[in-house]
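I opened this model to look up its aromatic contacts, its sheet and its core. My notes follow in the order I took them.

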Amino acid sequence: MAYSDDVNKGFTSLFDFLNSPIQNISQRARHGNLPVDVYVTEDGRYVLKADMPGTSKGEINISFNDGVLSIRAAHHSGDEVGDHQYVVHERESGEYERSISFPDVDPSSIDATFDNGTLTVILSRAQERLGRSIEVH
């Protein structure tokens, strides 16, 4: 009985993910990932936040095509030490890419800001997808 419960939970989780309006399409990084938080505001807008410390605004490229928001960034740790040897070297350089599906977003409403190493992208839902009241004549 426990096995069938586990199988049912697995299928339920899979179907919940597939039916979600927001889906993680891909996550690729050479030196780590680009973790994001996405939430919905009270007025129905999506807000995506990504911490990108050490990245400059000019290193970030954002596009929205066919319902998919793509974020690409190149991060360079800089601070070359020349002839010196590192004792500890944990600040990596790399390229990051993250794509997330937002099928019900109005592309003309997308706004992005970058402040203190945090990228914030606000996406408004298309009015048709939110529903509306239809008057009968």
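**Aromatic pair**

I searched for aromatic pairs and found that the structure holds one. The model is predicted. The pair is Tyr 46 with Phe 102, and I logged its geometry as tilted. The ring centres are 5.1 Å apart, with 55° between the planes. I then checked where the two partners sit in the chain. Tyr 46 belongs to strand β3, while Phe 102 lies in the loop between β6 and β7. The pair therefore links distant parts of the chain, since the two residues are 56 residues apart. I also looked up burial: Tyr 46 and Phe 102 are both buried.

**Open sheet**

Next I traced the strand order. I read an open sheet of four strands, β2-β3-β8-β7, with antiparallel pairing. Which strands stand at the edges? They are β2 (36–40) and β7. Each has a single partner strand, so one side of each is left without a neighbour in the sheet. On average, neighbouring strands here are turned by 15° against each other, direction ignored.

I went through two of the pairings. β3 and β8 are antiparallel and joined over six bridges. Asp 51 stands opposite Thr 118 in β8. Strand β7 (residues 111–115) joins β8 through five bridges, also antiparallel. There I noted Phe 114 opposite Leu 119 of β8. The hairpin of β7 and β8 has two residues between the strands. In this hairpin I found Asn 116 with a positive phi near 50°.

**Nonpolar core**

I then listed the largest nonpolar core, which has 18 residues. Which members touch the most other members? I got Leu 48, Leu 69, Phe 102 and Leu 123. β3 (46–51), β4 (60–65), β5 (68–75), β6 (94–101) and β8 (118–123) each supply at least two residues of this core. Phe 102 thus turns up in my notes again, as it did in the aromatic pair.

**Ile 71**

I followed Ile 71 next, which is found in strand β5. Is Ile 71 buried or exposed? Its relative accessibility is 1%, so Ile 71 counts as buried. I checked Leu 34 for distance: Ile 71 and Leu 34 are 37 residues apart in sequence and 9.1 Å apart in space, C-alpha to C-alpha.

Definitions and conventions: Residues are numbered from 1 along each chain as its sequence is written. This is a predicted model: local features need pLDDT of at least 70, side-chain atom pairs count only at pLDDT 80 or more; totals for chains, interfaces and linings use all residues. Side-chain values use heavy atoms; hydrogens and water are left out. A nonpolar core is a set of buried Ala, Val, Leu, Ile, Met, Phe, Trp, Tyr and Cys residues joined through side-chain atoms within 4.5 Å. Buried means under 20% relative accessible area, exposed over 50%, partly exposed in between (1.4 Å probe, protein chains only). Two strands pair if DSSP finds at least two bridges between them. Axes are lines fitted to C-alpha atoms, for helices over the stretch in contact, and angles run from 0 to 180 degrees between N-to-C directions. Rings of Phe, Tyr and Trp (its six-membered ring) pair if their centres lie within 6.5 Å; planes under 30 degrees apart count as stacked, over 60 as edge-to-face and the rest as tilted.
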